[in-house]
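Here's a quick briefing to read alongside the model. Have the sequence open and follow along.

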Amino acid sequence: MKVTISDIAKAANVAKSTVSKVLNDSPRISRETKLRVRQIMKEMNYTPSSIATGLARQSSYNIGLLVDMSKGSEFLNQFFYNIIGGIESVIGSLKYELTIANVQHSSPEDHFLNRLVHSKRVDGIIANNSVLTEALAAELDRLQFPYIAIGEIPAPGSWVDFDNELGGRMLTQHLLTQGYSSIAFIGGQRDEKIFTRRYNGYAQALEQSGLTASQDRIINGKADEHEGYRAALKLLQNSDRPDAIVCMTNYTAFGALQAARELGINVPAQLGIAAFDEYPLSRYTTPPLTSLNIDTFKLGVSSGHLLMERISGGSRLPSRHLLLEPELILRESTTRS
């Protein structure tokens with residue numbers, strides 16, 4: 001039998017009006033009462049009807065973009081603002097506003113589920129998959145609340161991402177067509193999904209050409225210029241050095257270029273270097289980098305469209321997984337022919 005607001009009120013020993021005020025995050029209800037009532041809702045698997053059906057209150061005409069303010073790398077870059085611009089280009093024409101919400105909270109009462117979802121202050125949520133954990137996605141699914149993840153998440157969640165596996169194949173196949181045959185891969189942590197996808201594409205391209213991804217050609221680490229320099233120096237000082245490197249980011253590639261320059265190795269004649277990500281360094285290095293352009297504005301547009309579909313279509317819509325194709329930009333760092 002479906003749990004009702006009366007059942008919650010009885011279990012919490014409060015009036016039904018108190019439960020309603022908790023659902024609406026009323027400042028008149030004490031923090032202790034809110035926490036107790038919300039815990040009982042969770043234990044009894046209660047779905048507020050205003051969330052499940054959207055009929056108890058009119059649309060807020062707000063979309064929430066979740067951000068972890070403790071991780072500056074996630075919002076202090078052009079990617080973040082491009083994503084915002086893409087989302088705005090979709091929802092603005094539909095008279096929706098974008099609310100940026102910090103997921104960091106000092107108490108359970110301040111959790112974004114309480115601030116935004118239970119109170120119905122937003123009609124849907126977009127969040128990076130580093131913020132939208134499996135547990136949070138499961139709770140939003142239980143509440144039948146519309147959301148889209150930027151980056152792959154487990155089923156049944158809906159998400160949009162760039163096809164990193166395809167990107168790995170594109171970079172590696174390009175290097176092979178330029179005559180490089182001993183290709184290394186540097187940067188990224190093995191437990192990161194994005195590394196796994198990019199590495200798998202690299203390995204697939206080698207296998208399709210009858211080559212093998214040798215583990216002594218794979219060096220993991222933080223995807224920045226310092227680790228890129230360290231990894232490239234290690235590889236290039238070996239007697240059996242690679243003749244090309246696929247880099248996890250253009251920062252990694254910047255470090256690799258520095259190592260090659262110090263060792264007197266000519267790029268691209270003796271060493272080809274290609275990287276994921278166009279921004280911010282690829283066109284300004286010496287020589288300019290062949291790279292994959294990941295259009296983050298398009299990522300924002302796609303996530304906005306998917307979310308609006310879910311808001312208008314309701315819980316009956318199946319989950320959607322959208323992979324966008326990156327663009328290969330050819331420059332001097334790999335151009336032999």
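Glu-139 is buried in this predicted model, with a relative accessible area of 16%, which puts it below the 20% cut-off. Its salt-bridge partner is Arg-142, at 2.9 Å from N to O. Here's how that pair and a few other spots look.

- Glu-139 and Arg-142 both sit in helix 7 (residues 134-142), three residues apart, or about one turn of the helix.
- Arg-142 is partly exposed, at 22% relative accessible area, while Glu-139 is buried.

**Other salt bridges**
- The structure has ten salt bridges in total.
- Lys-120 pairs up with Asp-123, and their closest N and O atoms are 3.2 Å apart.
- Lys-120 is buried at 11% relative accessible area, and Asp-123 is buried too, at 5%.
- Arg-283 forms a salt bridge with Glu-278, with the closest N and O atoms 3.2 Å apart.
- Arg-283 counts as partly exposed at 48% relative accessibility, whereas Glu-278 is buried at 9%.
- Shared partners link Glu-278, Arg-283 and Arg-331 into one salt-bridge network.

**Helix 8 against helix 9**
- Helix 8 (residues 164-177) packs on helix 9 (residues 193-208) at an angle of about 40°, with the axes 7 Å apart.
- That angle makes helix 8 oblique to helix 9, and the crossing is right-handed.
- Residues making the contact include Gly-168, Thr-172 and Leu-176 of helix 8, and Ile-194, Gly-201 and Ala-205 of helix 9.
- By type, the contact residues split into five nonpolar, eight polar and four charged.

Note on methods: Residues are numbered from 1 along each chain as its sequence is written. This is a predicted model: local features need pLDDT of at least 70, side-chain atom pairs count only at pLDDT 80 or more; totals for chains, interfaces and linings use all residues. Side-chain values use heavy atoms; hydrogens and water are left out. Axes are lines fitted to C-alpha atoms, for helices over the stretch in contact, and angles run from 0 to 180 degrees between N-to-C directions. Helices (H or I, at least four residues) and strands (E, at least two) are DSSP runs, numbered from the N terminus. Angles under 35 degrees count as roughly parallel, over 145 as roughly antiparallel, 65 to 115 as roughly perpendicular and the rest as oblique. A crossing is left-handed if the near helix is turned anticlockwise from the far one by less than a right angle, and right-handed if clockwise. Contact means heavy atoms within 4.5 Å. Ala, Val, Leu, Ile, Met, Phe, Trp, Tyr, Cys and Pro count as nonpolar, Asp, Glu, Lys and Arg as charged, and the others, Gly among them, as polar. A salt bridge is a side-chain nitrogen of Lys or Arg within 4 Å of a carboxyl oxygen of Asp or Glu. Buried means under 20% relative accessible area, exposed over 50%, partly exposed in between (1.4 Å probe, protein chains only).
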